[in-house]
Amino acid sequence: PQVPPHNPVKYDIPAWSWPPHLLSTPQHFDQLFGLLVDGRTSVHLQDRIWELVMLLPTNQTLLDDIRRLGTPAPGEEWARLFDQTNVFRLLYSLQIVEILLTRPPPPPPGTPASDFKADFVTAGGVTHLVKLFLTTPCAEPPGESGAGGPMPPPKKAKPAQRITGSQERWLAVLALLLQVINHFVLGRPAQAIPLLEAGGPKEDILQHLLAVIHTCGTLDPAPATVPLVVQASVTLLENVTGASAHWLAAFLQCHAL
């Protein structure tokens, strides 16, 4: 999503009536996401709709709701904003979190500036993201293996798996989810483990990371998102284990992961 300026250039027509802004209003925004998850929508049409959503200004309502998560929020609010039953909404919300972490837009007029990263941690945001990671399928849609909890690393190498459009979306979610989690733990070695373990046991996090890396190695053809998933997984492994990148590379190669 693209973050619009708060003071758009004024033309002969008001900015709110421009087609991109109209389409990003809650009513039309919900209609677009409804089409994305409609069982009758083809994968090709899903791709075209998603490309359109990415061209639109960021939905201001959702942006404001996620920015407000810096204050304590009930569990149902986290579940609504990071809806794991809807891969497109989850991916969109994670993109907004990344925007607020890396290139935050100015706050609305009259609203004091705040440290979103610090507020998000205080409000339990990282805890929720880790729980999401532990229950997010790796290249498998919800309802199949891995959707309900941590996936243990397979004991035997799996044959190559053919990737589907739905699975590729979940890989994109995993890549961005891991990248966002890394934003909070990189450079914070003393706080990394307690921060992560608030969302799940360290052993479960390690198991799931190894399972993700292993599964990515069985996908054929490998989507463009696979290197991003693997790199973000290895980076998080470094933070969880304290091991060097060279040691981890040797370990993963030795175990054919």
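Which residue forms a salt bridge with Asp38, and how far apart are the closest N and O atoms? The partner of Asp38 is Arg40, with 2.9 Å between the closest N and O atoms. A salt bridge here is a side-chain nitrogen of Lys or Arg within 4 Å of a carboxyl oxygen of Asp or Glu.

The model is predicted: local features need pLDDT of at least 70, side-chain atom pairs count only at pLDDT 80 or more, and totals for chains, interfaces and linings use all residues. Residues are numbered from 1 along each chain as its sequence is written, and side-chain values use heavy atoms, with hydrogens and water left out.

## Overall architecture

The protein chain contains 13 helices and zero strands. Helices (H or I, at least four residues) and strands (E, at least two) are DSSP runs, numbered from the N terminus. Of the 257 residues in the protein chain, 44% are buried. Buried denotes under 20% relative accessible area, exposed over 50%, and partly exposed the range in between (1.4 Å probe, protein chains only).

Among contacts in the protein chain with a separation of 6 or more, 77% come from residues 24 or more positions apart; a contact means heavy atoms within 4.5 Å. The protein chain exposes about 13100 Å², of which carbon and sulfur atoms supply 59%. These areas come from the Shrake-Rupley method with a 1.4 Å probe; for residues, only the protein chains shown count as cover.

## Salt bridges

The structure has eight salt bridges. Three of them are set out below.

| Pair | Closest N to O |
|---|---|
| Asp38 and Arg40 | 2.9 Å |
| Arg80 and Asp65 | 3.2 Å |

Glu51 and Arg48 are three residues apart in helix 3 (residues 43–55), so about one helical turn separates them. Glu51 is partly exposed at 42% relative accessible area, and Arg48 is likewise partly exposed, at 35%.

Arg80 and Asp65 form a salt bridge that links distant parts of the chain: Arg80 belongs to helix 5 (residues 75–81) and Asp65 to helix 4 (residues 60–67), 15 residues apart. Arg80 is partly exposed, with a relative accessible area of 46%, whereas Asp65 counts as buried at 12% relative accessibility. A network of salt bridges links Asp65, Arg68, Glu77 and Arg80.

## Aromatic residues

There are nine aromatic pairs in the structure. Rings of Phe, Tyr and Trp (its six-membered ring) pair if their centres lie within 6.5 Å; planes under 30 degrees apart count as stacked, over 60 as edge-to-face and the rest as tilted. One of the pairs joins Trp78 and Phe82, which are stacked with 6.1 Å centre to centre and 25 degrees between the planes. Both Trp78 and Phe82 are buried.

Phe116 and Phe120 form a tilted pair, because their ring centres are 5.2 Å apart and their planes stand at 35 degrees. Phe116 and Phe120 are four residues apart in helix 7 (residues 116–122) and therefore about one helical turn from each other. Phe116 and Phe120 are both buried.

A cluster linked by ring pairs comprises Phe29, Phe33, Trp50, Phe88 and Tyr92. Arg89 lies over the face of Phe33, at 4.9 Å from the ring centre. A charge sits over a ring if NZ of Lys or CZ of Arg is within 6 Å of the ring centre and within 35 degrees of the ring normal.
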